Amino acid sequence: MHPAPSIIAFSTFSGLGLGLLFWLGVDNTAPTGWVAFAFFAIAYILAVGGLISSTFHLGRPERAVKAFTQWQTSWLSREAWSAVAALVIMGLYGLFLVFFETQIAVLGWIGAFFSLVTVYTTSMIYAQLKTVPRWNTTLTSVLFVSLSIAGGALISGRVTIGLILLLVAGGIQAIWWKTGDARFKQSGTDLKSATGLGKIGEVRAFEPPHTGTNYLLNEMVYTVGRKHAQKLRMISLLLMLVVPVFLLLLPYPHVFGVLALLSHIAGVLVSRWLFFAEAEHVVGLYYGMR
Amino acid sequence: MTQLPEKTDRKMGLVIDLDTCVGCHACVVSCKGWNTENYGAPLSDQNPYGADPSGTFLNRVHSYEVQPESGPAQLIHFPKSCLHCEDAPCVTVCPTGASYKRTEDGIVLVNEKDCIGCGLCAWACPYGARELDKAEGVMKKCTLCVDRIYNENLPEEDRVPACVRTCPSNARHFGDLGDPDSEVSQLVAERGGMDLMPEQGTKPVNKYLPPRPKDRLNEEIDILAPLLAPVAEEPKGFLGWLDKKLEKL
């Protein structure tokens, strides 16, 4: 699949922002006043910035508001609703923390719930697609949510829990990669079933419909990144997990914590790029590709 | 409305005969010709006369080579367009309700005024039947020529999809696949019409007729062979002399 920068930025940064909102919501001793303002500002810049960047890949961004209508069937529509719910509720919760130094715990919990639901709905946009076997698993949702919570813990300065969550998320990421490599084959879709000609013999794509490229090939048969996939996986895991864990174990968490966070974000960006670049859509079979 | 109808009154669709398709691409051209100037936004081309041309098409013809266990390989031309699936995954993923499946005839359409061009429906389609138009920013797909098949301004023989009307080898058939007595349904029953990627669970309405088994040459057909044995012999006379001399050199 084509790794659109707007989508990679969206899912990484809004995941991080919503993860931070989750921790602010469930915190029994949430910050108040200017400290709260700083935290909420960061969370909203990440979450809202991510959401806005997601509209850049639309063919008709001026109609984006119509995406709220089909929540009954569409995960993309559910994501839109859930994001608005999370941002409005957490906004209200933050307002009381910043200006009235009052914590309305119930609002925080509800907001935290919707923050995670939003990350889950994002993950389901990909996990629901049978056409992309690598994504078509519950593990995709587990991966997105665990990365979001771990990233949120890092930003909110939770060292111990952050360490544990980093290890968990990194482990899930490794399993997702490992099992993902076999999933296309397991899906049972191949050129034989795609053409229905398998009963006669071995099928080979002889001639494509056109000599040039097309939307389908650009969007769904993106093969550029796969060559270095293994190396990029290692780089991603190193940046996302190993470096931050090492930095968090050092003293002065305020200095090294920031570096750990930056490294983690870089690692997640690489992982998200691979998430798209490595994913094979079954339509590639018709073109004799993967 | 992106909820799929429980059932549709009719299941209008195509039956494509892989035995008779000659791969001439006439259906591709007629499809583009009709649909670029009728229903919805035109089908744009990008850089059509340049070094790297591309464009939006609703129908494309692939060619596959199939190698049976014995005998020569077969070349099979394979037209592919929207299959108007009963369980169309492209419809349910649409966030705006632009994609829908009609209750009356099962045709899957895009209301281009509501399309935000997010491309998720194209991702959800296993067949590559949907293409985002670069110029218009909206999703394009086969409409089964909805503006022809009910069009009373056209002579009756033209009230079929453009691809069916134009096919010179009669490899494309149009009709109601929900009615077991219809000509297309009978053709499917007779020839063992098949679904593409049945494991994807899309329940396509369009069916493909597999190529008929090929005739095989057997020994008996070769009774004239002895009479056709090669008659070339060793050269004699001058040529024989020349041959020997040249051989010695």
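**Sheet in chain B**

I started with the open sheet of chain B in this predicted model, and I read its three strands in the order 10-1-11, with mixed pairing. I noted strand 10 (172–176) and strand 11 (207–209) of chain B as the edge strands, since each pairs on one side only.

I then looked up how strand 1 of chain B meets strand 11 of chain B, and found three bridges between them, with the two strands running parallel. Within strand 11 of chain B, B:Y208 is the residue that stands opposite B:I16. I also followed helix 6 (residues 183–191) of chain B, which lies across strand 1, strand 10 and strand 11 of chain B and runs at about 120 degrees to strand 10 of chain B.

**Contact between the chains**

I turned next to the contact, to which chain B gives 53 residues and chain A gives 46 residues. On the side of chain B that touches chain A, the elements giving two or more residues are strand 4 (59–67), strand 5 (74–81), helix 2 (89–92), helix 3 (120–124) and strand 8 (131–132) of chain B. Strand 4 of chain B gives the most to that side, with eight residues. Sorting that side of chain B by class, I noted 30 nonpolar, 15 polar and eight charged residues.

Strand 4 of chain B is also joined by five bridges to strand 1 (residues 202–207) of chain A, and the two run antiparallel. As one position to look at there, I wrote down A:E207, which stands opposite B:S63 in strand 4 of chain B.

**Two residues with positive phi**

I checked A:E101, whose phi is near 50 degrees, a positive value in a residue other than glycine. A:E101 lies in the loop between helix 3 (75–100) and helix 4 (105–127) of chain A, and it counts as exposed because it has 10 C-beta neighbours inside 10 Å, where the cut-off for exposed is 12 or fewer.

I checked B:H25 in the same way, and its phi is near 65 degrees, again a positive value in a residue other than glycine. B:H25 is found in the loop between strand 1 (12–17) and helix 1 (26–35) of chain B, and with 16 C-beta neighbours inside 10 Å it counts as partly exposed.

**Domains of chain B**

Last, I recorded the division of chain B into domain 1 (12–209) and domain 2 (223–248), whose C-alpha centres lie 60 Å apart.

Notes. Residues are numbered from 1 along each chain as its sequence is written. Chains are lettered from A and ligands numbered from 1 in the order in which they are written. This is a predicted model: local features need pLDDT of at least 70, side-chain atom pairs count only at pLDDT 80 or more; totals for chains, interfaces and linings use all residues. Two residues are in contact if their C-beta atoms, placed from the backbone, lie within 7 Å. Helices (H or I, at least four residues) and strands (E, at least two) are DSSP runs, numbered from the N terminus. Ala, Val, Leu, Ile, Met, Phe, Trp, Tyr, Cys and Pro count as nonpolar, Asp, Glu, Lys and Arg as charged, and the others, Gly among them, as polar. Two strands pair if DSSP finds at least two bridges between them. Domain bounds come from an automatic or database domain assignment. A residue is buried if 20 or more other C-beta atoms lie within 10 Å of its own, exposed if 12 or fewer, and partly exposed in between; C-beta atoms are placed from the backbone. Axes are lines fitted to C-alpha atoms, for helices over the stretch in contact, and angles run from 0 to 180 degrees between N-to-C directions.
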